[in-house]
Amino acid sequence: FIYPYLNYCCTVWGSAPPTHLNSLLILQKRIVRIICGKPKRSPSSELTELFIDLRVLPVDQLNKFKLSMFCFNSFSSWAMPSLSNIGARSCAAVVKT
């Protein structure tokens, strides 16, 4: 399936112009229809259900999700040190005294 290829480096190629992303979305929709055995001209409401059934995000939503996760991970590691680092610092402070 092509989903891992779309998922790979999504935060990088996600900033491509909408025309390029639209062609990827059209290709992704076509692949979902083929996998599910649906006709070429399926209604968009049915297509949304197919994405949900396959547990796959459309390209545009995948980009937003991955970018949100990247920002969350970046800010949370900056704002809150991990518990292991807190433990290491407190151990170092005990050893120095």
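Student: So which helix does Arg33 lie in?
Tutor: Arg33 sits in helix 3, which covers residues 18-36. Keep in mind that this is a predicted model.
Student: Okay. Is Arg33 buried or exposed?
Tutor: Arg33 is buried, and still it has no salt bridge.
Student: Then what is Arg33 in contact with, beyond its neighbours within four places in sequence?
Tutor: Arg33 touches Lys38, Pro39, Lys40, Ser42 and Leu47.
Student: Let's zoom out. How many helices and strands are there?
Tutor: The protein has six helices and zero strands. Going along the sequence, the pattern reads α-α-α-α-α-α.
Student: And how much of the protein is buried?
Tutor: Of its 97 residues, 21% count as buried. The accessible surface is about 7600 Å², and carbon and sulfur atoms account for 66% of that.
Student: What about contacts between residues that are at least 6 apart in sequence?
Tutor: Of those contacts, 54% join residues at least 24 apart.
Student: New topic: how many disulfides are there?
Tutor: The count is zero.
Student: And the cysteines, say Cys36: what's its relative accessible area?
Tutor: Cys36 comes out at 27%, so Cys36 is partly exposed. Cys71 is at 33% relative accessibility, so Cys71 counts as partly exposed too.

Methods:
Residues numbered from 1 in each chain as written. Predicted model: local features only at pLDDT ≥ 70, side-chain atom pairs only at ≥ 80, totals over all residues. Heavy atoms only, no water. Helix = DSSP H or I, 4+ residues; strand = E, 2+ residues; numbered from the N terminus. Buried < 20%, exposed > 50% of the residue type's maximum accessible area, 1.4 Å probe, protein only. Contact = heavy atoms within 4.5 Å. Areas by Shrake-Rupley, 256 points an atom, 1.4 Å probe, with all protein chains shown as cover. Lys, Arg positive; Asp, Glu negative; His and termini not counted. Salt bridge = Lys/Arg side-chain N within 4 Å of Asp/Glu carboxyl O. Disulfide = S-S within 2.5 Å.
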